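Colleague: Could you walk me through this one? I have not looked at it before.

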Amino acid sequence: MAHTPAARIAVNGTYHDYNGDPRRSLLDFLRLELGMTGTKKGCDHGQCGACTVHVNGRRVNSCLSLAVMHDGDEITTIEGIGMPDKLSALQKAFVEHDGYQCGYCTPGQICSAAAMIEELKADWPSALTEGVASNPVPSDDELRERMSGNLCRCGAYDNIIAAIKDAMGKEVAS
Amino acid sequence: MFGTYDRPDQRNMLDQTRQGVIGKPLDRPEGHLKVAGQATYAAEYQRPNCAEGVLVGATISQGRVTAIHRDKVMSMPGVLGVYAADAMLRRAAQGMAAEAPKQDVQIVDFPMQPVALVVAETFEQATAAAKALQIDYEETSDVPFSPKGQETEPGSEPIESGDLEATMAQMAHTIDVTYTTPGHASAAMEPHASIAEWDGDKLTLWGSFQMLRYNVKELADSLGVASRNVKIMSPYVGGGFGSKLGISHDAIAAAVAARDLGRPVRVVLTRQQVFEIIMRRSETEQRVRLGADEKGRLQALGHEAWVSNLPEESFAEPVVQATQFLYAGENRRLAVELARICRVTAGSVRAPGEAVGMQVLEAAMDELACEMQIDPVKLRKRNIPSTVPGDDTPYASRKLAEALDEGAKAFGWDKRAKKPCQRREGEWWIGMGMASAARVNMIMPAQARVTMRADGSVLVQSDQTDIGTGSYAILGQIAAEMLGQPIDRTTVELGDSSLPSGAGSGGSFGAASTGSAVFRACEAIRAVLAGRLKCRPDDLQLQDGKAWAEGIEPRDVTDLLDGDIAKIGRIKPGKTSNSHQQATYGAFFVEVAVNAFTGETRLRRMTGAFGIGRVLNEKTARSQCLGGMVWGIGSALTEELAFDERDGHLVNHDLAEYHVPVHRDIPPMEVIFVEERDPVASPIQAKGVGELGICGAAGAISNAIYNACGVRLRSFPMTPDKVLAELPDPFAK
Amino acid sequence: MKAFDYARAADLPDAVGSDAKLIAGGTNLLDLMKLEVETPDALLDINRIGLDLIEPEGDGLRVGALVTNSDCAADARVRKDWPLLSKAILAGASPQLRNKATTGGNLCQRTRCGYFMDNQSPCNKREPGTGCAAQGGFNRIHAILGTSDACIATYPGDMAVALSALDAQVVIAGRSDSRTVRVRDFHVLPGDAPQHENVLQPGEVITGVTLPAPVEGVQIYRKVRDRASYAFALMSVAAVIRMDQGRIAHAQLAFGSLAHKPWHDPRIEELLKGETPTPALFDKAADLLLEDAKGYGANDFKIPLARRTLAAVLAEATGV
């Protein structure tokens, strides 16, 4: 096998060098290599969103990406968003609004929502609207469209949207 | 007596206690772990030197394995072993089997059935080697791939009374319709996973299961070891919905390989395997006959269903389960017929029976209401029987009429157009529909240990699982309420098979059963405390760590404790299970928009009103109902297992093509709980809530589609292809 | 996944002429590699070779091959002058996937045919000569236009449908020189060689897409799907329609998920031009579109669906 270039990957601010099997997905790198199992494997094919992490600030499916391709990238996982003793406002809102049931899709929902909030601030369009910068707390339908890459089989959707809205509202208020 | 529940407990203890936490919408105690990704699921335990196993599926539909070409694969990097042991599972275990399911993976019963396990040092190595493993087969074709036109056998004892045909012939209003529903998948977000580790002859298995008391026996029986040598850890389960009631292929395969290699082995199913090899809900064909007199009273009721399963499986989707007790109609025939076909095992998927039976019954009821030009809510209320038709069993608490009324009022049902095609907004036809909800209720044997520690804090322990249902929350609330401690002084430990056996998570019976066991353990502790306080147990008052009684001054409960008090509470179903018809009831109201051009249906809002007995935690109970309603939306509009009828294989075996609803499919939702206590159901007056939210929901949606655009489909899911075929001219004014 | 060699390209010349499979966003390729539908011996990571800018080119715009779907859809110029492209991209996949998927990669997206994606099934596209299991199988998502006995798969994407309607060009770098191909000619019909999905030759690299000067008119991307979001199209229509004094002055139309390529039929545009929009006219347009349509059982519904969706789009665009 040809020499595979190493990847230096920053995960939640800590650097890790990866020299291993190029087949390893970013998701399995996090879960198996680093033991950071907050990021979940639900389908391994980009169809459920449970593995959502931020790469350089953008939400992506970590299952559909190879670890070796992330040399120089900064990854943020749910562990970097907030741990149990120091939850982010979004995480607290998920607890308060019961924005989960089994909890397996939850880290992905939260990582996705956190990035979505930034996308809204940057006035990114969606299939529903061409621009939302003027509206700091968009409609439920707008949030639902933008969160549709994260499946929840328990059906906590309504509560997830309530949680996100609550967190966004609090951010706007403060 | 061992806790048998023979007489309704009329004391309503939880309404007398003082702590005030029961029923409250408290946050889940494990919530902070879940939102931070720190709740640990089966595959996530860090076991030293853990090898990775991947199951290999058969490339034939039925037959047997004649050779496994191990050598080539064994020489691949990192490969440690290829296993096809006799103990390995051909089929997943049905719920509450408590014994080994079909073993011997030399035989192939259905497409993609596991026939081998490949174990390697890394997941990537094992995956590649599993794909590379060559297997020779001898193919057979004894079992048909499609239920169409196949012979059937009774799936359950038919229920017949009076004369259905003769009564139908005399009725002023009749409906005789046949509906179909497709197969469904549980599709829990966490794929089935096991880590097996042996210590001598003792096995520890970190797995994803719903019912540990049965799963231990299934594991032990499959592996030929004593149950006492098997320990399962399943404290967090990423959804189950029936698919994790029994053990599946990953567990035994991991245990077999771990025993051979002398090191831990992890086996996680791929998402495709979860679809292909665990459990499907059977497709159904259902004929419903309704005969009503001039006043809309049902005199004739026929509900016959045709379902399927693999040969030798006893499970037959109990489609007519709620039809038996929901409505009037003395002259009746209710039956389920079962065809034997070559597709993955059919088994329990959330609300087996009612999930598909109720949506069809409720769609047929809508057809009858339309035929009679009577309000669908009225038709249902007119047909609430006083005793179960046919056998005169009295009902336990039943809040159907209240749910229909409260739901209709909250939703604004009076604004519904009486006829279809009355409301158009741009491209969209708007309509409203409703349906009743019903689901049988039961308790199951359960035990739990409650310890009041010397400092007054409370520990609740059971092997009960929490699959997202809220067990951690409600069991703590029951104990805190009964023992007068703040909720944050209460700890709940679950999902460890070495703890007292809870009922498990299935059939909506976990909360009422294990909750009652916790309640009874607390009663035993209260008896000790009452003895020390020198009052009768039922006179004992406990709140915020204080104990008192009429005429006895409050004192710190810790004064009554000279050490831990640990009690095991038990409950078993008794006479109340048969003396009354027990069920939960409710009503759904929905507003839909149907695109006049494309037939796409989108929900605009949905209301559910439910009577579930005592609400133990308003927040988690509401979430259960919301989840059920989301499943109803999937069942109505998008979910369908597509089997290739030429070879029985599942074509849409992933989450891109099997369409569980996404965020955007979900409208604003409202859940209303009808005030209810049901002492027949359990000593905590609670019933089940995990499944009711589906049972009928899809019927309300199909009825709303009709109300919107006049399209009466009798085939679920109501996808655009089916709707558009019946739509009126979009340009007609 | 089969083992492969991995290397990173430093610049475009590294990539052009390479025998390795190029990987950019990887959202489709890795999906298929995990299924071992794709089994490259070598992967060349082209994420660091530039090509990630959106720049003016004449009166039009050049979108680099490595511009992500998200960036393209969010670009102010695209949204203002070619909103159809933004809308089509946003109708596809999920935000997470659009953050990875690239302009070049999306053009090369492979079909969602369940038999193509399942190694156990005969498939002329995956394994030429083995047959087509979709015919006679579960083919609800399959093509009704331009099919062959060998293959009835569709091109499943959304972006390329808009690009086809807009008459964009694909810019391709080859070993010796560069060339441009209209998006309308980039994808090919299956014929008897469905393993070929586009005109890319071995060693060639897509470097970008050029959008022609903006066209005036209403721009609509209409996608019909089973779920309200995050689902592949049952069919889609991309349309640019300009009205003038109650008549259709100009029309550009393309259709998704009806064929092995984004479907473009200039006869429909000609038919509409100069006409007063009526339901009868829309029907005539659909007659042309569906003249040679052929259903395969489960996908028969796409014929009436295409007719009705085209009518919906034309009605919306013309105010009928």
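Modeller: Lys and Arg count as positive and Asp and Glu as negative, while His and the chain ends are not counted, and the place of a charge is NZ of Lys, CZ of Arg, CG of Asp or CD of Glu. This is a predicted model, in which local features need pLDDT of at least 70 and side-chain atom pairs count only at pLDDT 80 or more, whereas totals for chains, interfaces and linings use all residues. Residues are numbered from 1 along each chain as its sequence is written, chains are lettered from A and ligands numbered from 1 in the order in which they are written, and side-chain values use heavy atoms, with hydrogens and water left out.

Colleague: OK, and how far apart are the centres of the positive and negative side chains in chain C?

Modeller: In chain C the centres of the 35 positive and the 39 negative side chains lie 5 Å apart.

Colleague: Back to chain B, how many helices and strands does it have?

Modeller: Chain B has 18 helices and 31 strands, where helices (H or I, at least four residues) and strands (E, at least two) are DSSP runs numbered from the N terminus. The radius of gyration of chain B is 27 Å, close to the 27 Å that the globule rule gives for 733 residues, so chain B is as compact as a globular protein of that length. That radius is taken over C-alpha atoms, and the rule is 2.2 Å times the number of residues to the power 0.38.

Colleague: What share of chain B is buried?

Modeller: Buried residues make up 68% of the 733 residues in chain B; buried means under 20% relative accessible area, exposed over 50%, and partly exposed in between, with a 1.4 Å probe and protein chains only.

Colleague: Which domains are assigned in chain B?

Modeller: The assignment, which is automatic or from a database, gives domain 1 (4–39 + 448–575), domain 2 (42–142 + 190–280) and domain 3 (353–441 + 582–724) in chain B. The contact between domain 1 and domain 2 of chain B takes 22 residues from domain 1 and 21 residues from domain 2, contact meaning heavy atoms within 4.5 Å. The C-alpha centres of these two domains lie 37 Å apart.

Colleague: Can we zoom in? Where does Ser471(B) sit, and is it buried or exposed?

Modeller: Ser471(B) lies in helix H13 (residues 471–483) of chain B, and with a relative accessible area of 7% Ser471(B) is buried. Leaving aside neighbours within four places in sequence, Ser471(B) is in contact with Gln464(B), Thr465(B), Asp466(B) and Leu494(B). Arg423(B) is 48 residues from Ser471(B) in sequence and 44 Å away in space, C-alpha to C-alpha.

Colleague: Switching to chain C, what about Leu166(C)?

Modeller: Leu166(C) belongs to helix H8 (residues 159–166) of chain C, and it counts as buried at 2% relative accessibility. Beyond neighbours within four places in sequence, the residues in contact with Leu166(C) include Trp82(C), Leu84(C), Pro212(C) and Val240(C). Leu166(C) and Tyr221(C) are 55 residues apart in sequence and 12 Å apart in space, C-alpha to C-alpha.

Colleague: And chain C overall, how many helices and strands?

Modeller: Chain C has 12 helices and 11 strands, and buried residues make up 63% of its 320 residues.
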